Amino acid sequence: MKKQENRIERLSPRSFTELGFKERAHLQEWIANQPDALGEDLLIVQKEFAGFSDTQERLDLLAIDKQGSLVVIENKLDDTGRDVTWQALKYASYCSRLTSNDIRDIFQSYLDRHFPGANAEEKLCNFLDEDEYQDVTLNKGVTQRIILIAANFRKEVTSTVLWLSSFNLRIQCFKVSPFSQGDDLFLTVDQIIPTKDAEDFMIGLTAKAQTEVKRVEAEKTRHALRLEFWTLLLPAMNQRSPLFRNLSPRTTNYIGTSAGSRGVSFTFVVTSTAARVEVYIDAGAEGQNERIFDALLSDAAAIQTEFGEELVWERLEGRRACRIKSERAGNIFDREQWPAMVDYMVDSMIRLDQTFRGRVAEISKRTVLPSSLPG
């Protein structure tokens, strides 16, 4: 900008290659000596780190942030190449094993080489605002971060980075662009993934995505346990009654079979708190369901005497269906409870069938909707 003339001037975009700059000798040194160019306070603890067992690979820069998390920084000049994300992920996995004292020793080695006389513990305490090194904790859990720096990011790299971000991995891409004006050279460092304004939003999306991943994994576990439970219950039921003989184990929390009348079923249900058997009434219309339910309810005393215990009668107000159930405490996700749950559910289902089948058939005949009558 020329202030006196009230004009701005265009800078000439350049490439690192044409300017003769090198990845290690220049870009790496610029970042190592001015890490806050990346938009936050970082403490560089090693350059060209090669402390990985059984490999000769070297990561460009290793840093820690203000939370004590390790930050793997990979620098590329004019192009990232195709494999930079895989390379950075390997380094992050290697670094995940480093303890606080490992990092202190790595940092001390770096200081001895570049800043003789400096003390790693003291610098770590100063950076993390701790009074004693014993209070310093570094590299907690799965907190490793990745920063990629380059003049150009290939689409396969940005696509991979965005996908990885959805799995709670904090990975950032910074685009570095050299410019010139006469003999003067300029460098811009811009965070492009996630954009700075969107970073909080992206972190929120990442947390949401991670929650969803955990939910899906938990659901897979629940499905497997339910399938295993029904595989245990159905043969036990089939030994005493043919009622469920044509059904196979499934992953849902219920298995039902017809009670002999349209829209009325006998159903096994298992949850994390209860094991139950029920007469489920859903004949397709709210009025029809309630008429069947009310007719059964009018004979509740005799039904409960015949069944052998008190039942829970639920009109399920606001819902189309109605339900009559018997249940006991039980947890489908605790295998130790399964034998008792199976015994109770099989015995109760047989009594439920004996008590309700005839009544349901008779009531259903009397409560057919007029619109479904012949003629």
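This report describes selected helices, strands, a pocket and local backbone features of a predicted model.

Helix α5 spans residues 120–128, and its buried residues are A120, L124, C125, F127 and L128. These residues cover an arc of only 165° around the axis, which puts them on the same side of α5. The face turned away from that buried side carries E122 and N126, both exposed. An α-helix has 3.6 residues a turn, so residues three or four places apart point the same way. The partners against which the buried residues of α5 pack are β2 (43–49), β3 (59–64) and α4 (100–114).

Both ends of the helix have a local feature to note. After the helix comes D129, whose phi is positive, near 60°.

## Helix α9

In helix α9, which comprises residues 300–307, the residues A300, I303, Q304 and F307 are buried. Viewed down the helix axis, the buried residues of α9 fall within an arc of 95°, so they line one face of the helix. A301 and T305 are exposed and belong to the face of α9 turned away from its buried side. The residue that follows α9 is G308, which has a positive phi near 105°.

Strand β5 (residues 145–150) is largely enclosed by the rest of the structure, because six of its six residues are buried.

Strand β4 (residues 70–75) pairs with β5 in the parallel sense over five bridges. Within this pairing, I73 stands opposite I147 of β5. Strand β6 (residues 171–181) also pairs with β5 in the parallel sense, over five bridges. Here A150 has K175 in β6 as its bridge partner.

## Antiparallel pairing around β12

Strand β12 (residues 322–329) is paired with strand β10 (residues 274–281) in the antiparallel sense, and eight bridges connect the two. One of the bridge pairs joins A274 to A329 in β12. Strand β11 (residues 312–314) also runs antiparallel to β12, to which it is joined by three bridges. In that arrangement, the bridge partner of V312 is K325 in β12.

## The second largest pocket

The second largest pocket holds about 170 Å³ of space. The elements giving two or more residues to its lining are α2 (23–33), β2 and α4. Of these elements, α4 gives the most, with four residues.

In total, 13 residues line the second largest pocket, and A32, I44, Y110, L111 and F115 lie nearest its centre. Two of the elements in this lining, β2 and α4, also pack against the buried residues of α5.

## Backbone features and loops

Most residues other than glycine have a negative phi, and most peptide bonds are trans. Several sites in the model depart from this pattern. E48, although not a glycine, has a positive phi of about 50°. E48 is placed in strand β2 and counts as buried, because its relative accessibility is 16%. N139 is likewise not a glycine and has a positive phi of about 60°. The position of N139 is in the loop between α5 and β5, where N139 is buried with a relative accessible area of 6%. The peptide bond from I193 to P194 is cis, with omega near -20°. P194 belongs to the loop between β7 (184–193) and α7 (199–238).

A further loop, between β2 and β3, contains A50. With a relative accessibility of 33%, A50 counts as partly exposed. Leaving aside residues up to four places away in sequence, A50 touches E57 and R58. A50 and D60 are separated by 10 residues in sequence, and their C-alpha atoms are 9.3 Å apart in space.

Key:
Residues numbered from 1 in each chain as written. Predicted model: local features only at pLDDT ≥ 70, side-chain atom pairs only at ≥ 80, totals over all residues. Heavy atoms only, no water. Buried < 20%, exposed > 50% of the residue type's maximum accessible area, 1.4 Å probe, protein only. Arc of directions from axis to C-beta. Contact = heavy atoms within 4.5 Å. Pairing = 2+ DSSP bridges. 1 Å grid on protein atoms, 1.4 Å probe; cavity = no way out; pocket = protein on both sides within 12 Å on 5 of 7 lines; lining within 4 Å. Points joined across faces, edges and corners; volume = space filled by probe spheres on them.
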